Amino acid sequence: MKKIIYPDQKNWEELCKRPAFDSTKLEANVRDILSTVKEQGDLALIDFNKKFDGVETERIKLDISEMTFNIDTDLADAIKIARDNIAKFHSARQEDSVKIETARGVRCWRKSVPIQNVGLYIPGGSAPLFSTLLMLVIPAQLAGCENIVVCTPPQKDQQLDPVIGWTCQLLGITKVFLTGGAQAIGAMAFGTDSIPKVYKIFGPGNQYVTAAKQLVQKDGVAIDMPAGPSEVLVIADESASPEFVAADLLSQAEHGADSQVVLVSNSKTLIKDVEMELVQQIKELPRKDIALKALENSQSILVRNLDEAIDFSNTYAPEHLIVATEDCDELGEKIVNAGSVFLGRWSCESAGDYASGTNHTLPTSGYARSYSGVSLDSFIKKITFQKISEEGIRELGPSIEKMAEAEKLQGHKNAVAVRLEKLKNKIKKE
């Protein structure tokens with residue numbers, strides 16, 4: 001990790017840059033993949049399974065109900081606990097429709113309507129993310145989405161990852177398809193003989209998946225958010241455990257070589273101790289080569305005080321933010337830009353990734369300045385309603401006419417005028 005000591009605020013923007021890569025060739029390749037899927041459908045997906053995953057698949061659609069998946073009993077119990085906690089958290093986000101009388105005879109309200117068809121991308125390469133299945137399926141079901149489509153890459157044995165399969169059965173998901181990468185995004189965006197077209201696509205992935213999601217938006221398909229490599233920022237003071245902090249940094253560094261981890265502290269001693277812990281702990285990681293690459297893109301920053309640490313974090317806008325300080329609750333109130341926040345020494349980021357109940361599909365690359373993580377709201381759309389009575393249009397009409405006239409929109413004014421005239425004639429007849 002690079003070490004930066006007391007950086008000047010004018011240099012913060014440079015320090016907040018994520019690892020960059022040339023996306024020109026990537027985008028061209030992804031466009032070709034999407035175009036092929038759009039034209040050839042399932043045949044393209046079968047070809048891409050062989051080309052990119054080295055797996056020959058005869059079919060894309062799986063009959064989950066006819067399959068058997070055996071997983072470790074303790075793991076099954078852990079998944080059920082996570083399912084229950086995620087459901088508790090997201091169900092509490094449901095809102096009632098409230099009707100408001102904005103003026104006499106004018107009632108307005110907003111109704112939550114589920115997005116009918118949603119597509120969920122579940123990564124399945126070196127680390128099949130069954131936890132992402134929980135994070136996306138549960139709020140989609142709570143929202144009331146009619147059709148939930150799941151795409152995930154095939155394993156080397158031409159089959160579905162058993163834990164992903166078991167979790168699909170646990171959640172009652174039946175529309176499961178063996179395809180990954182940019183081609184899976186294209187299949188859900190355009191539809192194929194096997195895979196239904198969806199209205200919104202969710203889920204993390206590599207650079208190809210991310211690029212594909214951003215490109216299909218131009219075809220009218222919504223996505224959850226722009227997302228890039230995983231990241232964590234840890235704010236720690238002298239009270240923090242160097243062992244815990246190092247473990248938290250490595251938990252994100254092992255995601256990918258392009259991940260970034262940042263330590264911000266007001267303690268020279270803490271930074272030094274964390275660096276020593278990193279050297280020891282990384283030796284035990286099966287994915288240590290990946291973590292080492294990620295650390296090359298990472299940094300520890302010494303600041304003068306914790307207020308400065310919070311200011312830097314709000315500038316960086318991390319996907320995950322851990323506040324490992326003595327006064328974490330007080331500092332937490334000052335956070336305005338972050339995907340998900342973990343307060344206190346016992347609140348490891350892994351808890352949010354798996355089982356605490358909050359969602360782990362979060363904005364990266366600074367998008368936490370303007371985007372939220374996935375939630376129940378991500379799977380619904382809000383439709384506004386209004387009902388205006390005779391009294392309401394009589395009271396409000398003149399104001400509408402005056403405003404429409406000022407904007408030189410005579411048709412808008414006339415829509416009110418004909419109603420007011422009708423009411424005037426009605427009164428005369430009475």
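In the predicted model, Arg-83 has a relative accessibility of 24% and therefore counts as partly exposed. The side chain of Arg-83 meets that of Asp-84 in a salt bridge, with an N to O distance of 3.1 Å. Asp-84 is also partly exposed, because its relative accessible area is 36%, which falls between the limits of 20% for buried and 50% for exposed residues.

The structure contains 14 salt bridges. One of them joins the side chains of Lys-3 and Glu-275 at 3.6 Å, N to O. This pair links distant parts of the chain, since Lys-3 belongs to strand E1 (residues 2-5) and Glu-275 to helix H10 (residues 268-282), 272 residues apart. Glu-275 is partly exposed, at 24% relative accessibility.

A further salt bridge is formed between the side chains of Arg-104 and Glu-395, at 2.9 Å, N to O. Arg-104 is located in the loop between E3 and E4, whereas Glu-395 is part of helix H15, so the contact ties together parts of the chain 291 residues apart in sequence. Glu-395 has a relative accessibility of 43% and is therefore partly exposed. Through salt bridges with shared partners, Arg-104, Glu-391 and Glu-395 form one network.

Ile-100 has Cys-108 in E4 as its bridge partner. Two residues separate the strands of this hairpin, and Gly-105 adopts a positive phi near 80 degrees. E4 also pairs with strand E15 (residues 380-388), in the antiparallel sense and over nine bridges. In this pairing, Val-106 is the bridge partner of Ile-388 in E15. Ile-388 also contributes, with Leu-396 and Ile-400, to a nonpolar surface patch of about 200 Å². Ile-400 is found in helix H15 (residues 390-406) and counts as partly exposed because its relative accessibility is 30%.

Another set of strands forms an open sheet of six, in the order E2-E7-E6-E5-E8-E9 and with mixed pairing. Strands E2 (61-63) and E9 (222-223) are at the edges, each pairing on one side only. Within the sheet, E5 and E6 run parallel and are joined by five bridges. Tyr-121 stands opposite Cys-151 in E6.

The largest nonpolar core comprises 39 residues, of which Val-118, Leu-120, Leu-133, Leu-160, Ile-173, Val-176 and Phe-379 touch the most other members. At least two core residues come from each of helices H4 (73-91), H5 (130-143) and H6 (162-171), and from each of strands E5 (117-121), E6 (147-152) and E7 (175-178). The largest contribution is that of H5, with nine residues. When residues up to four places away in sequence are left out, the contacts of Val-176 are Ile-60, Lys-61, Leu-62, Ile-64, Val-150, Leu-160 and Cys-168.

Helix H7 (residues 181-190) is mostly covered, with nine of its 10 residues buried. Among the buried residues are Gly-181, Gln-183, Ile-185 and Met-188. The buried part of H7 packs against helices H2 (24-40), H3 (42-53) and H8 (207-216), and against strands E5, E6 and E8 (200-202). Just after the helix, Gly-191 has a positive phi of about 85 degrees.

Technical notes: Residues numbered from 1 in each chain as written. Predicted model: local features only at pLDDT ≥ 70, side-chain atom pairs only at ≥ 80, totals over all residues. Heavy atoms only, no water. Patch = residues over 30% accessible without salt bridge, like charges linked within 9 Å, V, L, I, M, F, W, Y side chains within 5 Å. Areas by Shrake-Rupley, 256 points an atom, 1.4 Å probe, with all protein chains shown as cover. Salt bridge = Lys/Arg side-chain N within 4 Å of Asp/Glu carboxyl O. Helix = DSSP H or I, 4+ residues; strand = E, 2+ residues; numbered from the N terminus. Buried < 20%, exposed > 50% of the residue type's maximum accessible area, 1.4 Å probe, protein only. Core = buried A, V, L, I, M, F, W, Y, C linked by side-chain atoms within 4.5 Å. Contact = heavy atoms within 4.5 Å. Pairing = 2+ DSSP bridges.
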